[in-house]
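Please read the following note alongside the model. The points are numbered so that each can be taken up separately.

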Amino acid sequence: MKYCKKCGRIEKENAVYCPDCRNSRLAEGEPDRNFPVAVLRAAGFEKQRICSVLDDADIPYSTKIARKQFSADAVTGSSNADYDILVPYGFYAKTRDILIGINAVQPDEDDEKTKALSEEEEKELSDDYYSTKNKLIRAVAIILFLAVVTGVVLGVDAVMALVRGFMNFS
């Protein structure tokens, strides 16, 4: 296991740097039992829901603002900011199980299924997307869109000319 001493993220063994804070010095092994580790990032109602669940389970936690998002905080009285929810490493496994139970995070098995596609799969999808057939369909769609826009503009001009003619006739 690797973890970031700066932001508390736990990373996979093959991680070279922390994707969150770009720290290139990841520590190896398990952190100290009281080291705060980030279990997830949440905002608004989701953050309140998770904090309530952790309170009910008597799990100590803290929140740290991750990214400030500008909003009308003074008017609404609530923050739109993203928060990292941190728990001591000794409570990490229990917290993760609880969060999986309330559907706040996905289990590790699902993470493996949804990991990034291999380069060959990406190339295959890319080649399929940009195939000649798809390029032809996109070109026809663009031409039809331009024809519709041109028709609308010409139609509006014709209606306006008709209205002007009636106004001059009166």
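Which residue in strand 6 does Pro36 stand opposite? Pro36 faces Pro88, and the points below begin with the basis of the model and then return to that pairing.

1. This is a predicted model, in which local features need pLDDT of at least 70 and side-chain atom pairs count only at pLDDT 80 or more, whereas totals for chains, interfaces and linings use all residues. Residues are numbered from 1 along each chain as its sequence is written, and side-chain values use heavy atoms, with hydrogens and water left out.

2. The chain contains six helices and six strands, where helices (H or I, at least four residues) and strands (E, at least two) are DSSP runs numbered from the N terminus. Their order from the N terminus is β-β-β-β-α-β-α-β-α-α-α-α. Of the 170 residues, 23% are buried, with buried meaning under 20% relative accessible area, exposed over 50%, and partly exposed in between (1.4 Å probe, protein chains only).

3. Strand 4 and strand 6 are paired in the antiparallel sense over six bridges; strands count as paired if DSSP finds at least two bridges between them. Seven of the seven residues of strand 6 are buried, so this strand is largely enclosed by the rest of the structure. Asp82, Asp84, Leu86 and Pro88 point one way from the strand, while Tyr83, Ile85 and Val87 point the other way.

4. The largest nonpolar core has 18 residues, and those with the most contacts inside it are Val39, Leu40, Ile50, Ile85 and Leu99; such a core is a set of buried Ala, Val, Leu, Ile, Met, Phe, Trp, Tyr and Cys residues joined through side-chain atoms within 4.5 Å. At least two residues of this core come from each of strand 4 (36-42), helix 1 (44-56), strand 6 (82-88) and helix 3 (92-101), with strand 4 giving the largest share, four residues. A second, separate core of five residues includes Cys4, Cys7, Cys18 and Leu26.

5. Strand 1 (residues 2-4) and strand 3 run antiparallel and are joined by three bridges. The open sheet to which they belong has three strands in the order 2-1-3, and its edge strands, each pairing on one side only, are strand 2 (10-11) and strand 3 (26-28).

6. The structure holds three salt bridges, a salt bridge being a side-chain nitrogen of Lys or Arg within 4 Å of a carboxyl oxygen of Asp or Glu. Asp84 meets Arg9 at 2.7 Å, N to O; Asp84 lies in strand 6 and Arg9 in the loop between strand 1 and strand 2, 75 residues apart, and both residues are buried. Asp84 also forms a salt bridge with Arg41, with the closest N and O atoms 2.9 Å apart. Arg41 lies in strand 4, so this pair ties together parts that are 43 residues apart in sequence. The relative accessibility of Asp84 is 2%, while Arg41 is partly exposed at 24%.

7. Glu46 and Arg49 form a salt bridge at 2.9 Å, N to O, and both lie in helix 1, three residues apart, about one turn of the helix. Glu46 is partly exposed at 27% relative accessibility, as is Arg49 at 26%.
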